[in-house]
Amino acid sequence: MSPVLKVRNLSKTFSLSRSMFRHTEIQAVKPVSFSLNEGKTLAIIGQNGSGKSTLAKMLVGMIEPTSGEIWVEDNKLEYGDYQTRCQLVRMIFQNPDSSFDPRLRIGQLLEMPLKQNTDLDANEREKLIYEVLKQVGLLPDHAQYYPSVMAAGQKQRVALARALILKPKVIIADEALAALDISMRSQIINLMLSLQEEQNISYVYVTQDIGMMKHISDQILVMQDGEVVENGNTAEVLASPLSDVTKKLVQSYFGEALTADTWRKDTRAF
Ligand SMILES: Nc1ncnc2c1ncn2[C@@H]1O[C@H](COP(=O)(O)OP(=O)(O)OP(=O)(O)O)[C@@H](O)[C@H]1O
């Protein structure tokens, strides 16, 4: 199986002006390389300020990398080429409200990426909008709703629908489920898992939730101070962590080192 997402030596240094003559540089992400196969899930975990979000934002084209390359299949993603990128990689955020225009109905929100990035006519766009609403467990009638009248879980379904509508290869979820309560979170996760199975989507979750990632990720990348300190198969990394930061994350979530036995016995819902 060949990788769908390939990242080579991707890095980001922010330069902050302290005064006219003084600059400080922050190496938010030191050169990182990894790849992700089709239909698989990568978890990027790490403490606050470790560089997770900066990495995710570079993948989705919101931040210009200082160096490195991002490939999706045979397409090299160039910063600023939104048209190519959004058909390959889409992102969902923790707070959908901040990315929804409150003046637009759900149908209009979903139609926007289709108008901007495809040649579909109005009938074809409408058909696709109803199809994607159904895929995320909403009804055709929801196209007429404004986001403000929807519950948090429904809004996250709309965010997912908007990410799915261009049929991307990779979806990046930056702390997308952290604000939802446990039962809504499980519903959305299960929905994302079944969509993954149907459509072979690859997911990158940016999260601090190691418990959930144990259940749903195939690969884990652990970051600390802008550096990837561990990268590998989730079960192997969590069962035999090499870095102190991973050991601490495992210990603080599971209360002990994670042996094969405790792994099996851990049945907590995510
Ligand atoms: N636009 C920016 N300008 C300057 N520095 C930034 C910018 N964005 C992030 N940083 C810095 O880069 C480092 C990594 O931040 P980042 O937000 O990627 O970490 P994170 O692991 O996602 O943390 P959190 O979980 O708190 O979001 C931090 O030191 C942060 O202050």
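**Exercise 1.** Determine which element of the chain has the lowest mean pLDDT and which the highest.

Solution. The model is predicted, with an ipTM of 0.95 and a pTM of 0.90. Begin with the chain: its mean pLDDT is 90, and 94% of its residues reach 70 or more. Next, turn to the elements: helix H10 (residues 260-265) has the lowest mean pLDDT, 63, whereas strand S4 (residues 67-72) has the highest, 97. Where pLDDT is low, predicted coordinates should not be read in detail.

**Exercise 2.** Identify the elements that each supply at least two residues of the shell around the ligand, and describe the shell by class.

Solution. First, list the residues around the ligand: Phe-14, Leu-16, Ile-26, Ala-28, Gly-46, Asn-48, Gly-49, Ser-50, Gly-51, Lys-52, Ser-53 and Thr-54. Second, assign elements: strand S1 (3-17), strand S2 (23-37) and helix H1 (52-60) each supply at least two of the shell residues. The largest share, three residues, comes from H1. Third, sort by class: the shell has four nonpolar, seven polar and one charged residues.

**Exercise 3.** Classify the arrangement of helix H3 (residues 106-117) and helix H5 (residues 152-164), and state which residues make the contact.

Solution. Take the geometry first: the axes of H3 and H5 come within 9 Å and cross at roughly 25°. Because angles under 35 degrees count as roughly parallel, H3 is roughly parallel to H5. H3 passes H5 in a right-handed crossing. The contact involves Ile-106, Leu-109, Leu-110 and Pro-113 of H3, and Val-158, Ala-161 and Arg-162 of H5. By class, this contact of H3 with H5 has six nonpolar, no polar and one charged residues.

Key
Residues are numbered from 1 along each chain as its sequence is written. This is a predicted model: local features need pLDDT of at least 70, side-chain atom pairs count only at pLDDT 80 or more; totals for chains, interfaces and linings use all residues. A residue is near a molecule or strand if its C-beta atom, placed from the backbone, lies within 6 Å of it. Helices (H or I, at least four residues) and strands (E, at least two) are DSSP runs, numbered from the N terminus. Ala, Val, Leu, Ile, Met, Phe, Trp, Tyr, Cys and Pro count as nonpolar, Asp, Glu, Lys and Arg as charged, and the others, Gly among them, as polar. pLDDT is the predictor's confidence in each residue, from 0 to 100. Axes are lines fitted to C-alpha atoms, for helices over the stretch in contact, and angles run from 0 to 180 degrees between N-to-C directions. Angles under 35 degrees count as roughly parallel, over 145 as roughly antiparallel, 65 to 115 as roughly perpendicular and the rest as oblique. A crossing is left-handed if the near helix is turned anticlockwise from the far one by less than a right angle, and right-handed if clockwise. Two residues are in contact if their C-beta atoms, placed from the backbone, lie within 7 Å.
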